[in-house]
Amino acid sequence: MGTKTMYLSHRPRRLRRNETLRRMTRETQLSVNDLILPIFVRHEDRAHNPIVSMPGQYQLGIHDAAAFAEEVAAAGVPAIILFGIPETKDAAGSSAWQTDGVICRAVQAVKARCPELCVITDVCLCEYTDHGHCGILEKNRAGMIDVHNDATVEALVKEALAHAAAGVDMVAPSDMMDGRIGAIRDALDAEGHDEVAVMAYSAKFASAFYGPFRDAAESPPQFGDRRSYQMDPANGDEALREIALDIDEGADIVMIKPALPYLDIVRRAVEEFNIPIAAYNVSGEYAMIKAAVERGWLDEQRTVLEMLTGIKRAGASLILTYWALDVARWLNS
Ligand code: PBG
């Protein structure tokens, strides 16, 4: 091959020749500052129960969750989001707003040990209702049992206020009821919690990828599914309308969930709105990679860093991921 014949005017490979050049031209930097770690907390003081469908994740007792949070903070992860497994469940999900319930006690325990860690709570009823739905059930006009929107919003407001009184930094309503962001924002302000931020699960899709989470949080719906409140995976324009409503109602951060099948929504949201966008790399996205890693089919670190970089490149400035602590350690080393 004569070099004479090769007069290429563009040689993009020039800037890929070595790591120094690649570092200089890298467009997206995944940082520990982007990460939020979900933690499952049980009502007992002590527990360390492995979650079978999420290898490496545990339901932790309140004491153990606080100790773990300290480790997470020490690794540089800025935030955690807490999910509660309560002692009792009922039709209304009333253990969700008990001031001595699992989440309120966990918030106090974590804040006492690591005041600088941003503590976020998931605000929803599905972990607290005996039927596993995200709200209060009633017969609708067609005579079918469905989640009643406005009664549920009232309950969510009580839950958010209980978390705020316990000292949470940010509440994250994940129920998908209409109007809940405005109602929660108003109630927080009225009770003097104007500093508590709201991260809205704005575009939360009715996804098969939540399967492992429902084991982890012991919250599978006992009948039916969540499609009367979570979004149809086919809908992108509607996702943007949901996000616009939540911003209008006072959300500080909006979230898209799950992440991987919905990166187009992340990109569209970033282009449309000037507000921090979070993406939730959910339990099923965790489980499928873990399962392939266990079989030796994928390299965990490379796969996870590539995936999270992709989520960030799509436009998410925050990523909720069960790998947050691992990633902090990988990035630090
Ligand atoms: C509660 C809630 C769910 C998840 C976060 N908050 C489950 C659901 O809606 O069924 C899923 C998180 C995950 O899968 O990692 N409503």
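Which elements each supply at least two residues of the shell around the ligand? In this predicted model, that contribution comes from β9, which spans residues 197-204, and from α6, which spans residues 211-216. The ligand has 19 residues around it, and those that come nearest are Lys204, Arg214, Lys257, Ser283 and Tyr322. By class, the shell around the ligand comprises 11 nonpolar, three polar and five charged residues.

A polar side-chain atom of Lys204 is found 2.7 Å from a ligand oxygen atom, and a polar side-chain atom of Arg226 lies 2.9 Å from an oxygen atom of the ligand. In the case of Ser283, a polar backbone atom is 2.7 Å from an oxygen atom of the ligand.

The largest pocket, with a volume of about 300 Å³, is lined by 19 residues, of which Gly56, Gln57, Tyr58, Phe68 and Leu325 are the closest to its centre. Two or more lining residues are given by each of β1 (35-42), β3 (58-60), α2 (62-74), α9 (283-294) and α11 (324-332), and β1 gives the most, with four residues.

The second largest pocket has a volume of about 200 Å³, and its lining consists of Glu19, Arg22, Thr25, Arg26, Glu27, Thr28 and Arg313. Helix α1 (residues 19-25) provides the largest share of this lining, three residues, while the classes represented are two polar and five charged residues, with no nonpolar residue.

Note on methods. Residues are numbered from 1 along each chain as its sequence is written. This is a predicted model: local features need pLDDT of at least 70, side-chain atom pairs count only at pLDDT 80 or more; totals for chains, interfaces and linings use all residues. Side-chain values use heavy atoms; hydrogens and water are left out. A residue is near a molecule or strand if one of its heavy atoms lies within 4 Å of it. A polar contact is a pair of N or O atoms within 3.5 Å; within protein, one must be able to donate a hydrogen and the other to accept it, and residues adjacent in sequence count only if both atoms are side-chain atoms. Ala, Val, Leu, Ile, Met, Phe, Trp, Tyr, Cys and Pro count as nonpolar, Asp, Glu, Lys and Arg as charged, and the others, Gly among them, as polar. On a 1 Å grid over the protein atoms alone, a cavity is a set of points where a 1.4 Å probe fits but cannot get out, and a pocket is an open set with protein on both sides within 12 Å along at least five of seven lines; lining residues have an atom within 4 Å of a point. Grid points are joined across faces, edges and corners, and a volume is the space filled by probe spheres set on the points.
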